[in-house]
Amino acid sequence: MFCNKCGKEIPEGTLYCEDCNMVNPEANMKKSYDDFKSEVNTAFVVSIISLVLFFTNFRIADIACAIFSLYKHKNLSKDIELYKNMPDYSSTLSNLKYTKVISIISIVCSAVAFIITALFFVFYIFFVFGFISLPFLLN
């Protein structure tokens, strides 16, 4: 690759031209894409962790991880178009999409589980204090 300012050859991966100290925009783009990709992968892994936490009954941690993943997804979605010419763009884009889907599934499952638990608790309290009886169970 060649420097945009002086035209001299720049070694691959170098951030600056050694002759004129001009910033190499392609190297910066690659470095920032690597950072972007690692953030997407982190959000993806955290969304999977939130789903695992759902099945282990850690509801608060599950919801916190899912919300964190959705927050990261929202911020990362703004920048995804900047990297559409990168070689593994499609896998990064699919990880970003799956992050949102998995996080939403985790939050919905946790909400449904919470509602079911609350209904059972209310039913139990009503049964214990005699507000409702279950004569059909005695027959």
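A contact here means heavy atoms within 4.5 Å. The model is predicted: local features need pLDDT of at least 70 and side-chain atom pairs pLDDT 80 or more, while totals for chains, interfaces and linings use all residues. Residues are numbered from 1 along each chain as its sequence is written, and side-chain values use heavy atoms, with hydrogens and water left out.

**Stop 1: Val46**

Select Val46, which is found in helix H1 (residues 25-55); helices are DSSP runs of H or I with at least four residues, numbered from the N terminus. Leaving aside residues up to four places away in sequence, Val46 touches Cys65, Phe68 and Ser69. Val46 is buried, at 15% relative accessible area (buried is under 20%, exposed over 50%, partly exposed in between, with a 1.4 Å probe and protein chains only).

**Stop 2: the largest nonpolar core**

Next, select Tyr33, Phe36, Val40, Leu76, Ile80, Tyr83, Met86, Tyr89 and Leu96, the nine residues of the largest nonpolar core. Such a core is a set of buried Ala, Val, Leu, Ile, Met, Phe, Trp, Tyr and Cys residues joined through side-chain atoms within 4.5 Å. H1 and helix H3 (89-128) are the elements that give two or more residues to this core, and H1 gives the most, with three. Centre the view on Ile80, whose contacts beyond four places in sequence are Phe36, Tyr89, Thr92, Leu93 and Leu96.

**Stop 3: two salt bridges**

The structure holds two salt bridges, each a side-chain nitrogen of Lys or Arg within 4 Å of a carboxyl oxygen of Asp or Glu. Select Asp88 and Lys37, whose closest N and O atoms are 2.9 Å apart. Asp88 lies in the loop between helix H2 (59-77) and H3, and Lys37 in helix H1, 51 residues away. Asp88 is partly exposed at 24%, as is Lys37 at 23%.

Then move to Lys72 and Glu39, with closest N and O atoms 3.0 Å apart. Lys72 is in helix H2 and Glu39 in helix H1, so this pair ties together parts 33 residues apart in sequence. Lys72 is buried at 18% relative accessibility, whereas Glu39 is partly exposed at 33%.

**Stop 4: the aromatic pair**

Finally, select Phe54 and Phe55. One aromatic pair is found in the whole structure. The ring centres of Phe54 and Phe55 are 5.0 Å apart and their planes stand at 70°, so the pair is edge-to-face (Phe, Tyr and Trp rings, the six-membered one for Trp, pair with centres within 6.5 Å; planes under 30 degrees apart are stacked, over 60 edge-to-face, the rest tilted). Phe54 is buried at 12%, but Phe55 is exposed at 63%.
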